[in-house]
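The sequence and structure come first.

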Amino acid sequence: MTESPTARPRTLSEESQFGVSESVDDLWVEPAKPRTLEIIKEIQQLKVMCISTPEGGHLVPMVQVAIALAERQHEVQVVTCAWAGTKMAERCRKSGCTFVGVAEHVQGAETGQGRAAELAKAGMPLAMFFHYNDEMKAEVRAHMEQWRPDIVVADFITPCAWDVADELNIRVVVNFPGPLDFLSKWSPLAQRKLRPVWKKKFPPTEVAALERITTDMMTIRCTRPCLVHTFFGLENPMPVMPNIIVTGSVAPRNCSEAGETSMPLFNDWLEAVRAQGLQIVYVTMGSMQVLEEYQVEAFYNGLREIPGIAVAWSLKENQQAFLPEKSSSEKFDKFFVNKWMPQAEALQLPEVCVVMTHCGWGGLNETICAGKPIVATPFRADQPVNAAVARRQGMAELINMASVTAADVQKTVTKVVRDPSYKAAAKRMQDALLKTGGAELCAESIENWARNGFDEVCSEPVTLEDEVRTLMGPAVHAAFGAALMWLVPRVLQVAWPLGRNMCQSVVARLLKLGA
C-alpha cells in the first residue's frame, strides 16, 4: 500500500484570489521508498541440449548459459568431448545440469597428443575446432535422437549441433561468445577478397576451415536466432537484425571485492603480498595459447624489474620450465606461478591492479566485469581486434608478442599501473557491461524462442549476386555522373560555335527583311 502524499502547511499569503494555492510548495511530497516487484509467470519446462566444442573459450560461456537455464528449473544437458569432463562435469552437476561426454577417443590439444594437439601446434586452431566437431557428430546424432530436446543451443563453431537438429526438426539457437563486429563483417565479397591472402598465409587445412567458418557465420547470422555476448559501450552502436540478441557477458556478475580465493596456497602467498604492501599484476594467456621461451623470459624479467608489484601467473606446467631458477636467498618470492588459478575470484581482489591477457573474448569480458585495466598481449583469431577495441576505449595498452622484450613489458605495465586514466576507463566499461542481461537474458530468450518460434525474425543470407547488385546501384550512378562530366563540356565545345553561327545568320536575315 502506498502512503498518501503529505503536503507542508500553507500560509494565507500563498492563497490566490480564487482560493487555490499558487505555491510551488504544493508540488513537494514525501520521497517514495524504493519498491521491488516479484513477478511470477508460468512457462513450460524445457529439455535443452547445449552443444559446444570442448575448448574453454567456447565451452565455458556455454556452461554459464546452461547453468542459467538449470536455475530456472529446466532440464539441461551439456554435450561436448568427454575429455572436458575433468574440468566441467562436477561444475555442471553442482549447478543442476547433466554433463554428457561424447567422442571418448578424442584427446584434448592440451595433452600434447593426438590430432587436436598436432593442429594446435601447427598453428591451425580453426582446423582443430572442426576436428572436434566432426568427431562428435555421430554420437551427438545418436544422443539427440534418443533424448529429443525441445531446443538446442549450439556454439557457433560446432555446426554438428544444427546439422543434426535440422535433420530431427528441432529448433536451434546459436551461442556466439564474441564481438558483434566479428559476426557481422563477413560477406561473400569479403570472403572472396581474403581467399588469396589466406592461401598465402595458412596451410590448406586451415584455409578450408576458414572458408567453412566464414560461410557458416554468413548463414547463421541471418537464418538462426543468435545470442551475442557483447555490449554497446565496448563496441560502437550499430544496427542489429531482429534475430540477434545482444546479451553482454554471461560470466557471473560478482563485482564485490574479494578478500581471498578458494585456493589455500594462493591465499598464503596473498597474505605475504599484503604484509609488504604490494599490488598484483595478474597474468593469463587462456587455455590454448602456448608461449615461446623468449616470451616467458620477457614477461618474467620485465615484471621483476617493476617496483611495488607482485605477480600472479597462470602458466602451463610445461612452459614453467622456461622460468629462471629461483634464488635460495630470497625470503619472499614475488611471483606466484601455477598451472591453474581461480581466475574469477582472483580478479576481484583489490590488490590486482592490472591484468595481462591475450584478450580472448571470455577473458576480456571477465576482466571488464572486474573493472581492471589491461596490458593486452594478442596472438591470433579475434584477439588483435579485441585488444584494439579495449585500447580504443582507453582501458588497455598493447604489446607486440612477435617481438616482445623485457623492456617492453616493464615500460607498458608500469605505464598502465601508474596512470589512473586506465582504471577509470575500465570502471566505465564495467558500468556499461553491468547494464546488460547476461546469462539470465540468454535463458529468457531461449524460453521465448522455444515457446513462440522465430521464423518471423530470420531471413535469407546475402548472396554474392545480392551484394554485387547492391553495390552496382551507386556504381552505375557514379559512372553516369562521370560520363556526363566528360561529355557535357565536349558537347558545348562543338555546339556553341554552331549555335552562335545560326543565331548570327537568323539576325542577318531579319535585318535584311526589315530593310
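Helix 7 (residues 188-201) and helix 8 (residues 204-223) pack with their axes 11 Å apart, at an angle of about 170°. Helix 7 is therefore roughly antiparallel to helix 8 (angles over 145 degrees count as such). The model is predicted: local features need pLDDT of at least 70 and side-chain atom pairs pLDDT 80 or more, while totals for chains, interfaces and linings use all residues. Residues are numbered from 1 along each chain as its sequence is written, and side-chain values use heavy atoms, without hydrogens and water.

**Helix 7 and helix 8**
- From helix 7, Pro 188, Gln 191, Arg 195, Trp 198 and Lys 199 meet Val 207, Leu 210, Glu 211, Thr 214, Thr 215 and Met 218 of helix 8; contact means heavy atoms within 4.5 Å.
- By class, this contact has five nonpolar, three polar and three charged residues.

- Seven strands form an open sheet in the order 3-2-1-4-5-6-7, with parallel pairing (at least two DSSP bridges between two strands).
- Strand 3 (98-102) and strand 7 (244-246) stand at the edges with a single partner strand each, so one side of each lacks a neighbour in the sheet.
- Helices (H or I, at least four residues) and strands (E, at least two) are DSSP runs, numbered from the N terminus.
- Strand 6 (residues 226-228) pairs with strand 7 in the parallel sense over three bridges.
- Leu 227 has Ile 245 in strand 7 as its bridge partner.

Methods
Axes are lines fitted to C-alpha atoms, for helices over the stretch in contact, and angles run from 0 to 180 degrees between N-to-C directions. Angles under 35 degrees count as roughly parallel, over 145 as roughly antiparallel, 65 to 115 as roughly perpendicular and the rest as oblique. Ala, Val, Leu, Ile, Met, Phe, Trp, Tyr, Cys and Pro count as nonpolar, Asp, Glu, Lys and Arg as charged, and the others, Gly among them, as polar.
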